[in-house]
Amino acid sequence: MMLRNNCLLLLLFCGNAFFASAQRFAYAAELDEVNSSGFYAINLLPALSAYTKADFADLRIVDNNNQWVPHLVKTWEPLRLKESLVGLKLIQNQLTDSGKNLLIIESIHAGNINNLVLFIKNTLVSRTALLSGSNNQKDWFIINDRIVLNRSNETGNEEYLQPIWFPPVAFRYFKIIINN
């Protein structure tokens, strides 16, 4: 379903307001324009999520016609995530001449992969990255060229988990270029 213009992210704070004909929302935030159909990830920053229920049951997305837009809520649970990770082989980790970090990772597991999780030393720095895939380490195909790396899920140690989500692919090698 194509959405027109901007959607509004609306938060309900009263169970009775859910059934009321005149909807009143205590807090609202605008989302970027949606140009095509598909799934979109919306990060709720603490400044907004502080006003929602822990399970986000009071979160609503509406279009410009005040119609609710179906959505899924997915949250990260670092302990479960860390226990369910499958290790991949790090083939290369180097700093390039241009000051970028180059990581090449090998997946020996058959089947599609739709995410990678990096263990990054604690930092408050945000960076951008590019993810490519290959089956021979010669021909690389861009998977995602707009990755934002920033503090996400704490592990309780000197590191945090940085998930990178992308459409399912069956590449054997993954190249991540991190812009420093």
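Contact here means heavy atoms within 4.5 Å. The legends below describe close-up views of a predicted model.

**View 1. Overall arrangement of the protein chain.** The predicted chain contains 2 helices and 11 strands. Read from the N terminus, the order of elements is β-β-α-β-α-β-β-β-β-β-β-β-β. The chain has 180 residues, and 31% of them count as buried. Of the contacts between residues at least 6 apart in sequence, 63% join residues at least 24 apart.

View 2. Ser132 belongs to strand 7, which covers residues 127–134. Its relative accessible area is 4%; the cut-off for buried is under 20%, so Ser132 is buried. With residues up to four places away in sequence left out, Ser132 touches Trp140, Phe141, Ile142 and Ile143, and also Tyr173, Phe174 and Lys175. Two of these contacts of Ser132, Phe141 and Phe174, return in the next view as members of aromatic pairs.

**View 3. The aromatic pairs.** The structure holds 2 aromatic pairs. Phe141 and Phe171 form a stacked pair, with 6.1 Å centre to centre and 10° between the planes. Phe141 is in strand 8 (residues 141–149) and Phe171 is in the loop between strand 10 (159–169) and strand 11 (173–179), so this pair ties together parts that are 30 residues apart in sequence.

View 4. Leu103 lies in strand 5, residues 101–106. Leu103 has a relative accessible area of 12% and is buried. Ile176 is 73 residues away from Leu103 along the chain, yet their C-alpha atoms are separated by 5.1 Å. Neighbours within four places in sequence aside, Leu103 is in contact with Leu90, Gln92 and Asn93, and with Phe174, Lys175, Ile176 and Ile178.

View 5. Strand 4 and strand 5 pair in the antiparallel sense over 6 bridges. One of the partners is given by Gln92, whose bridge partner in strand 5 is Ile104.

View 6. The volume of the second largest pocket is about 890 Å³. Its lining consists of 30 residues, and those nearest the centre of the pocket are Ile105, Leu116, Val117, Leu118 and Phe119. Strand 4 (89–95), strand 5 and strand 6 (113–121) each supply at least two residues of the lining. Strand 6 gives the most, with 9 residues. By class, the lining has 17 nonpolar, 10 polar and 3 charged residues.

Notes: Residues numbered from 1 in each chain as written. Predicted model: local features only at pLDDT ≥ 70, side-chain atom pairs only at ≥ 80, totals over all residues. Heavy atoms only, no water. Phe/Tyr/Trp six-rings, centres within 6.5 Å; stacked < 30°, edge-to-face > 60°. Helix = DSSP H or I, 4+ residues; strand = E, 2+ residues; numbered from the N terminus. Buried < 20%, exposed > 50% of the residue type's maximum accessible area, 1.4 Å probe, protein only. 1 Å grid on protein atoms, 1.4 Å probe; cavity = no way out; pocket = protein on both sides within 12 Å on 5 of 7 lines; lining within 4 Å. Points joined across faces, edges and corners; volume = space filled by probe spheres on them. Nonpolar A, V, L, I, M, F, W, Y, C, P; charged D, E, K, R; others polar. Pairing = 2+ DSSP bridges.
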